[in-house]
Amino acid sequence: MNKIQFTTYDKRHYSKDKDRKRKPKIEVSFAVNEIMALTTARGTGKWPFLYVIDYSEPLELPEQSFAEVKAKLIEASLSEYQNVNIFIPVGQWCLVNYDRVYQVKKISGEIVFFDNTILDQLDEQSLAEFESQVERIKQKEREQHDKNTRWFWDNLERLKKEAALRNDDKFTKLFGTTERKMVIIIFLMLISITLMLILIIMTGILLSKL
């Protein structure tokens with residue numbers, strides 16, 4: 001799976017200084033399925049945040065807009081999953097990878113991912129719409145799976161019939177028409193009976209000499 005590159009702050013060189021402009025930056029790369037969500041800063045920073053699997057906290061993406069990163073994620077998803085977009089918007093400021101979601105808590109406004117990371121401060125209406133979109137996608141996936149299964153068995157049956165026809169055709173080429181087949185079968189039966197009679201006669205002769 002191809003990696004997507006992002007610029008983020010290097011937390012290993014974090015400084016408590018108030019001047020945050022001098023924080024060093026690093027380039028990081030993640031596969032599409034490693035990215036759980038993208039959000040705006042929501043008052044906690046200037047740049048959007050990227051939630052990545054097994055990271056204890058989201059990564060801040062300096063000098064990148066929410067729209068730019070959103071477009072990058074969708075493009076990568078469509079490329080990796082045969083024109084399927086696994087990122088669903090939750091409201092105007094959040095993009096969620098539905099394959100990484102373990103549980104949706106509409107009452108508390110939270111999405112819990114499979115690595116227990118929690119995305120909160122979501123409104124109930126947006127979460128309800130999110131669940132509805134996921135259900136529609138899953139239904140399409142089930143329908144496509146059923147369609148592929150039917151196609152497989154239908155195609156298998158067709159291949160069996162074609163193989164049987166080819167075998168019949170080979171037999172016809174070897175032995176000709178149905179009438180000719182019957183003549184050949186009768187001829188083979190006569191040969192078989194003749195051989196049996198010869199065997200019986202030879203057996204009788206041998207027994208008479210004993």
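Mentor: A residue is called buried under 20% relative accessible area, exposed over 50%, and partly exposed in between, using a 1.4 Å probe and protein chains only. The model is predicted, so local features need pLDDT of at least 70 and side-chain atom pairs count only at pLDDT 80 or more, while totals for chains, interfaces and linings use all residues. Residues are numbered from 1 along each chain as its sequence is written, and side-chain values use heavy atoms, leaving out hydrogens and water.

Start with Ser-77, which sits in helix H1 (residues 66-80). Helices (H or I, at least four residues) and strands (E, at least two) are DSSP runs, numbered from the N terminus. Ser-77 counts as buried because its relative accessible area is 0%. Apart from neighbours within four places in sequence, Ser-77 has Val-32, Val-84, Asn-85, Ile-86 and Phe-87 in contact, meaning heavy atoms within 4.5 Å.

H1 lies across S3, S4 (49-52), S6 and S7, and runs at about 155° to S3. That angle, on a scale from 0 to 180 degrees, is taken between N-to-C directions of axes fitted to C-alpha atoms, for helices over the stretch in contact. The strands belong to an open, antiparallel sheet of five, in the order S5-S4-S3-S7-S6. Its edges are S5 (59-60) and S6 (87-89), each of which pairs on one side only. Pairing requires at least two DSSP bridges between two strands. Strands of a sheet pair through backbone hydrogen bonds, in parallel or antiparallel fashion. Between S3 (residues 35-39) and S7 (residues 94-97) there are three bridges, in the antiparallel sense; Thr-39 has Cys-94 in S7 as its bridge partner.

Finally, the loops on either side of H1. Most residues other than glycine have a negative phi. Glu-63, in the loop between S5 and H1, has a positive phi of about 60° without being a glycine. With a relative accessible area of 57%, Glu-63 is exposed. The loop between H1 and S6 holds Asn-83, again not a glycine, with a positive phi of about 65°. Asn-83 is exposed too, at a relative accessible area of 67%.
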